[in-house]
Protein chains: 2
Amino acid sequence: MSTPHYLSVRDEIARRLGALGIGAKLPSERELQAVSGAARGTVREALFQLETEGLIYRRDRSGWYVCPPPIVYDPTQWAGFMAYVADQGRTPSTETLSAERAPASPVVAQALGFEADGGRSVYALRRRRAVDGRAVLVEDIHVDPLIAPDLLTFSLNDSLTRILREAYGVSIVRTRVDMQPCALTSVEAAVLAAKPGAPGLLIVRTSFDALGRAVEYDREVWRHDAVRLQIDISRV
Amino acid sequence: MSTPHYLSVRDEIARRLGALGIGAKLPSERELQAVSGAARGTVREALFQLETEGLIYRRDRSGWYVCPPPIVYDPTQWAGFMAYVADQGRTPSTETLSAERAPASPVVAQALGFEADGGRSVYALRRRRAVDGRAVLVEDIHVDPLIAPDLLTFSLNDSLTRILREAYGVSIVRTRVDMQPCALTSVEAAVLAAKPGAPGLLIVRTSFDALGRAVEYDREVWRHDAVRLQIDISRV
DNA sequence: GAGTGGTCTAGACCACCTT
DNA sequence: AGGTGGTCTAGACCACTCA
């Protein structure tokens, strides 16, 4: 047995994924076990492998499902999530989980250029966004209340950038994007119906206006299999 | 037992990571098992968790080690790997694993704008790059021989972009970057002394010159914990 | 050669989802 | 209420690394 058993089980399962449709539920682990003749732990090893590859995902305590293709995402463009996803023939949705004015954490305060220990507060939004009904990301957005007073009176499921532009006359001219693989915390996992510790992709965006003010600090945690970043850069 | 045992083991191990230096080897799994009183599988569960979080990594069949901090990488800048890493106070190194002229695969041919079934060949380089002696990425670079004839006569551990500019007068003015979490194939894992299926980060760069020609197609597979992308975008 | 991590087995119990 | 995935145990053997 030169190649481990769990890899042949992986291949066997992978072969069937095409027959199952996108989003379809896989047979139970105990069924897969019966078919493959392996112990359940070995079957799970194979499933974890496919999860890392982005071919299947799980909904916590529910089961394993075939991954839909990833969304292609350009964090430097400002078309907005709803437009992007629709352009790719998918159905986006946004849900605002919370919206409040709260004290700025040190990280947020620094990102928005607040003075240390100023005790400033920020607008904090938490949104869950889904593609074709599957929750793919949770984001925390922080906005300086001095730049966008009364922000919370707007409909927050829309493009926030449009609100900033149309209601406050603030245009984004510079964006700093940070990206890093991560593990889902228990909070993030709960929001995404995933298991805590599942692999994710962290994208942090800080947006600046023409005056150089940090207007928006956006922290997005994606399911790692749900997104592919694509950026097009032209040098001057 | 509201929180799973493997998570308390994780916390216990995480607490000790500070005391161990960066790059230090963790105690063996059987030692950790003895300390925690858990079964070995549970200890491994905890270690996998820390691996996903990017706090520890393993060298295949050797053991678990404390992760150094990630390299901050801007794929849109052309400073080059060696310059980047050095700027961050780390020691970069590059090793050319192979350099040859070979038929272009369909993916490469399309990326470089070759006509379909043209039977064109390309220069293909495979390089391994390390930070402080730890292999962090393997890259496959493909260059159009019509644009850079005799490329293989140069010293290929250097910045390829500089060679293109200084020897061939080709400047990159546009870059398309694609990025996606992935799993290491057995080939990539072998090059990086990792386990096949370990989490990775795939970065694909296609670079164009002023004439709009695709000059270079670069496919980089990173250890997922070794890199943090950072991009700064200004809109005109 | 000793000890390591990698793989694998064959069970078990529980909390939770689904029906 | 039944079945699921999540967690956990207590072993075992092997290929490999390292001293």
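Ala, Val, Leu, Ile, Met, Phe, Trp, Tyr, Cys and Pro count here as nonpolar, Asp, Glu, Lys and Arg as charged, and the others, Gly among them, as polar. This is a predicted model, in which local features need pLDDT of at least 70 and side-chain atom pairs count only at pLDDT 80 or more, while totals for chains, interfaces and linings use all residues. Residues are numbered from 1 along each chain as its sequence is written, chains are lettered from A and ligands numbered from 1 in the order in which they are written, and side-chain values use heavy atoms, with hydrogens and water left out.

**View 1. Protein surface near DNA strand C.** DNA strand C is surrounded by 22 residues (near: a heavy atom within 4 Å of the strand). The closest are A:His5, A:Ala39, A:Thr42, B:Arg30 and B:Arg40. Charged residues number 11 on this surface, beside six polar and five nonpolar ones. Helices H1 (5-17) and H3 (40-53) of chain A each supply at least two of its residues, as do H2 (29-36) and H3 (40-53) of chain B (helices: DSSP runs of H or I, at least four residues; strands: runs of E, at least two; both numbered from the N terminus).

**View 2. Contacts to the phosphates of DNA strand C.** A backbone N or O atom of A:Tyr6 lies 2.9 Å from a phosphate oxygen. In chain B, a polar backbone atom of B:Glu29 is 2.9 Å from a phosphate oxygen. B:Ser28 uses a polar side-chain atom, at 3.3 Å from a phosphate oxygen.

**View 3. The largest cavity.** On a 1 Å grid over the protein atoms alone, a cavity is a set of points where a 1.4 Å probe fits but cannot get out; lining residues have an atom within 4 Å of a point. The largest cavity holds about 210 Å³ of space (volume: the space filled by probe spheres set on the points, which are joined across faces, edges and corners). Of its 21 lining residues, B:Gly80, B:Phe81, B:Arg127, B:Arg129 and B:Arg205 are the closest to the centre. Strand E9 of chain B gives the largest share, four residues. The lining has nine nonpolar, four polar and eight charged residues.

**View 4. The second largest cavity.** This cavity holds about 80 Å³ of space. Its lining includes A:Glu51, A:Tyr57, A:Arg58, A:Leu184 and A:Asp225. Five lining residues are nonpolar, one is polar and five are charged. Domain 1 (5-66) and domain 2 (71-229) of chain A each give at least three (bounds from an automatic or database domain assignment).

Methods
Polar contact = N/O pair within 3.5 Å; in protein donor to acceptor, adjacent residues only side chain to side chain. 1 Å grid on protein atoms, 1.4 Å probe; cavity = no way out; pocket = protein on both sides within 12 Å on 5 of 7 lines; lining within 4 Å.
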